[in-house]
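Here are a few exercises on charged side chains that pair up. Have a go at each task before you read its solution.

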Amino acid sequence: MPLAQPATPARLRFAVLGPLTGEADGRPLALGPLKQRLVLAVLLSRANTAVPVDLLTDAVWPEEPPRTARKNLQVYICTLRTLLGRGDGPDRLVHSAAGYLLRVAEPELDLLRFRALARAGRAAADGGALAPAARLLRQALDLWQGPPLADLRRSPAVEAEADRLEARCLGVHEDWAETELELGNPGAVAEDLTELAERHPLRERLQAARMNALHLSGRQAEALAVYDTHRQLLARELGLEPSPALTARYRELLARGRSLPADTRPERGAGPNGVALLPADTADFTGRTDELRNLVDELGEGRGRVAVLSGPAGCGKTALAVHAGHLLADRFPDGRVLVRLRAEDGTARPLPEVLAELAVLTGRPGAAPVAPVAPVGTVRLAPDQGPDHAPEPGPGDTARAAALWRASLAGRRLLLILDDAPGEAVVRELLPGFGPSAVLVTSRSQLAGLASVRRVAVPPLAPTEALDLLGRIVGTGRTGADRAAAARIVAACGLLPLAVRVAGTRLAVLRHLPLAEYAARLEDPAGALDELVAGDVTVRARLDSGWRDLTDRGRLALARLAALPLALLFTLPEAAAALGRPERLALRTLEALTDTGAVTSPTGEVTAHAALYALPRLTHLHARERAVEAVRAPALT
């Protein structure tokens, strides 16, 4: 009679990189009740290492263990020994003075396989074998089936083990991302890291990898937005700034110090030297992530686009336009130029003068028949003429100069920023008729007379963004020490970037001034505008310019609306009563003031009678100051 053959031990496989599961010969294992699974989860998380009995007890009974805890634990261990089987060697689950040790081979546990692949990948990367390294690291990451031990994390001890495993996964993910970036594969990295980076916003190495991937994919605005979001979160949650290394990388990307890969770099035209005649970018530019993304998407496609940034004085339109201009450097190899459409006193500049400046700035004297003499434009001089002999341009000369300017843009990829446009007329003359050049216009008005343009409203900052901006100017330690007072300051500034910046600069100079005292000054309607002065920069001057833009009727209407309670929303009937006009006519007045930014409607799309309106706080205070002057103007009819 033949001898009985010993039973072949079952081939076991366990997984902890996701829900806890087990298999024997490919068939699912019943792992038992919750407490038994908790014990197994901790043993597998520390496979081939002795786990103290106290740790297992804490995993099963996180609060107050029963008197029978040790005996119950022995029952769970005994049941697990039966479940695991003996195999060909010694017992899998053994006890020693150090605790319980579960012996598992690498093919039997996904965690051990993950560690082996990660080690091999890192070793390959250290040896310069980047392609094999990326492949091994990716194989390690592909073993993950979701958050580790997700079904057992109600136990604090198991959750701690799971967090430790997840931290290892993040490290490998960062290794893989950096290796792929070195191999020149930013697109895959950018997509892969999106959700992970959002789940772990404070992990700086992960954010840095995502920044680099987006930048190298040609998504510059998104790359810089990653840094800005990370910086705001650090300041808000921890009162910290990003590391010097990450800040340096941000500045490098901002300056375009590292060029895009060849397949994402725009084709360079035959223009001059790609003039970049923009003001310096704002070092502490804050927020505006959505608006920046819209601008980059709209203007960076190379199909000849026009965008209008509209909003009241002080809302940060110019800073946003300049920031976008710097981000779009590689999209406009023939240059980025900003020209102001108002003089220092706020009056509109004549079109010939603007054309003369553009001819000089772009280095194309043939673009407009005007010479680089100022401040009034003149027709282009013959070689033997001097500026003193230049004739004054007539209407025909100006029209021809504008036509030549537009023609000079054909085939060029240039970004033109027309800042502080007083109206549509001058803008219309400067827009390219065709070609890949783009125009970004800033204006207090929405310039409704311009057709086929993308309009982007520039609202006040969000409260968290305004606080962040204030903290960057005066120091996050100072704002963090009295966050309530800092919030009062930005609220009293109407969340306008200009006002917050002026307030921050004033506080940075007056280091002795407590935030709470300055907040009280700003909250006083009688003196708020007097406090918003920093050197030669005053909020009142900007508001004066907006006031002068209004018609006599508009100023009178705004003065009458300023009699309404400060900082309260009002309805159309309330506005009609303040204006002394029928609702039909009052609605037209409100719509005209809304176009200038003097009135806002924060409630979204509703019927006119259901809408709520508001006067921005600083506009409201300024209109009260000017009310005496306004009431001398002709009455509303």
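**Exercise 1.** Work out whether Arg-521 is buried, partly exposed or exposed, and find its salt-bridge partner.

*Solution.* Start with accessibility: Arg-521 has 28% relative accessibility, so it counts as partly exposed (buried is under 20% relative accessible area, exposed over 50%, partly exposed in between, with a 1.4 Å probe and protein chains only). Next, look for the partner: Arg-521 forms a salt bridge with Glu-517, with 3.0 Å between the closest N and O atoms. A salt bridge here is a side-chain nitrogen of Lys or Arg within 4 Å of a carboxyl oxygen of Asp or Glu. Both residues sit in helix 20 (residues 515-523), four residues apart, about one turn of the helix. Helices are DSSP runs of H or I with at least four residues, strands are E runs of at least two, and both are numbered from the N terminus. Glu-517 is partly exposed too, at 38%.

A word on the model: it is predicted, so local features need pLDDT of at least 70 and side-chain atom pairs pLDDT 80 or more, while totals for chains, interfaces and linings use all residues. Residues are numbered from 1 along each chain as its sequence is written, and side-chain values use heavy atoms, leaving out hydrogens and water.

**Exercise 2.** Find which parts the salt bridge between Asp-549 and Arg-444 ties together.

*Solution.* First, the contact: their side chains meet at 2.8 Å, N to O. Asp-549 lies in helix 22 (residues 539-549) and Arg-444 in the loop between strand 10 (438-443) and strand 11 (454-457), so the pair links parts 105 residues apart in sequence. Finally, Arg-444 is buried at 10%, whereas Asp-549 is partly exposed at 37%.
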